[in-house]
Amino acid sequence: MNYTSSTANGGLDIKLNGEFTFADNEQFQAMVKGIISSSAKSVVLDFAALEFIDSAALSMLLVMKDSCDKARKNLSIKNSNGRVKEVLNEMKFAKFIRITP
Amino acid sequence: MKSYHSLRPELHEQITAMIRSSPGDGVDLRMSTEPNSSDILFVQRQDIELGRLRDWQFEQLIEVDSSFSAANLAGCLRVSPLVTLRVDISTLCAYQLRLSKFFLGLLTQRSHPFSPPLMQQFDLPLHEAITNAVIHGNLELQSSFSDLESMQRYSLNLAERLQQPQYANRRVTLTAQVEARRILVSVTDQGPGHHHAFPAGTVPSQPHGRGLLIISEQAELVGFEDEGRTSKLAFHFSE
């Protein structure tokens, strides 16, 4: 998995692409630390180019949500599609993290 | 008697020496003069790449590393004739590789009747079964991180286990049996067993525990064998 981040309207927009599994945990930890240390009040994960996500990556997203909650930042996911969207739906992930189209 | 070939001359020497040194272990193998689709192919970790193996015919792909033994070799000869493809690799290799994608890619290269969308559909549940075998089976780790701190600890534990031969040298074995309307895949680890627990049927509220749910939602979980060390999944297709 690779990601790029940009700021817009005081929020962070993070675009993820490729395959997201536990193999990405080190850069994911760095991403979470970067989010926490930023002044952004909202964080949007853009899944448009994400092709694969597994259960470990879902767990890591919940860790990010926990960190954002503690830092009083809003976390959401947008633009998921294909198999990634199906997995988020099947795992009822909207119960935990806000998902927008 | 099974026949084998290898991508590297040094592997041939290693296998030959192993066969000679274990006359009582039932290892009955000969080197192929002409590689064929029922062969065992011995490789090293750096050879395990789809593009590199595209032109090779084999029924079994076996990674030979320093821990590979005559007992592993004998295991290659006890494979059911119904098995279409068998891959037997170390835990370290299984962790570093996207093994489900690789395994399904090998099946597709052998012209089995499923399309890229079907392959995508099978990929995630198989990946989750392999992750269970590697993480909870061979590396004996529990998925119990709930915040950044516990995730960092988990990540360190995982990296340490991958450095410890008693865990990292354990094998992960996949077999596929292709039938008229389904593929039966088994995933076997060498851990202590009993690391699987069926989900209650609802989405867990804690950060972990979704792997088996994904497997049962997206594939037919046929069952477990060998005290939980082997999980069997069936993937159905109609095309």
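Which handedness does the crossing have where α5(B) passes α6(B)? The legends below answer this and more. The model is predicted: local features need pLDDT of at least 70 and side-chain atom pairs count only at pLDDT 80 or more, while totals for chains, interfaces and linings use all residues. Residues are numbered from 1 along each chain as its sequence is written, chains are lettered from A and ligands numbered from 1 in the order in which they are written, and side-chain values use heavy atoms, with hydrogens and water left out.

**View 1. Helices α5 and α6 of chain B cross.** Helix α5 spans residues 99-109 and helix α6 spans residues 116-138. Helices (H or I, at least four residues) and strands (E, at least two) are DSSP runs, numbered from the N terminus. The two axes come within 8 Å and cross at roughly 135°. Axes are lines fitted to C-alpha atoms, for helices over the stretch in contact, and angles run from 0 to 180 degrees between N-to-C directions. That angle makes α5(B) oblique to α6(B). Angles under 35 degrees count as roughly parallel, over 145 as roughly antiparallel, 65 to 115 as roughly perpendicular and the rest as oblique. The crossing is right-handed: the near helix is turned clockwise from the far one by less than a right angle. Residues that meet here include B:F103 and B:L104 in α5(B), and B:F122 and B:L126 in α6(B). Contact means heavy atoms within 4.5 Å.

**View 2. Helix α3 of chain A packs with helix α9 of chain B.** Their axes lie 11 Å apart, at an angle of about 110°. The helices are therefore roughly perpendicular to each other. A:R83, A:V87 and A:E90 meet B:I214, B:E217 and B:Q218.

**View 3. Chain B holds an open sheet of nine strands.** The order is β2-β1-β3-β4-β5-β6-β7-β9-β8, with mixed pairing. Two strands pair if DSSP finds at least two bridges between them. The edge strands, β2 (29-31) and β8 (220-225), each pair on one side only. The twist averages 20° from one strand to the next.

**View 4. Strands β5 and β6 of chain B run antiparallel.** Six bridges join β5 (residues 85-90) to β6 (residues 171-178).

**View 5. A:I53 touches residues from both chains.** Its contacts include A:F20, A:L61 and B:L124.

Methods. Lists of a residue's contacts leave out its neighbours within four places in sequence.
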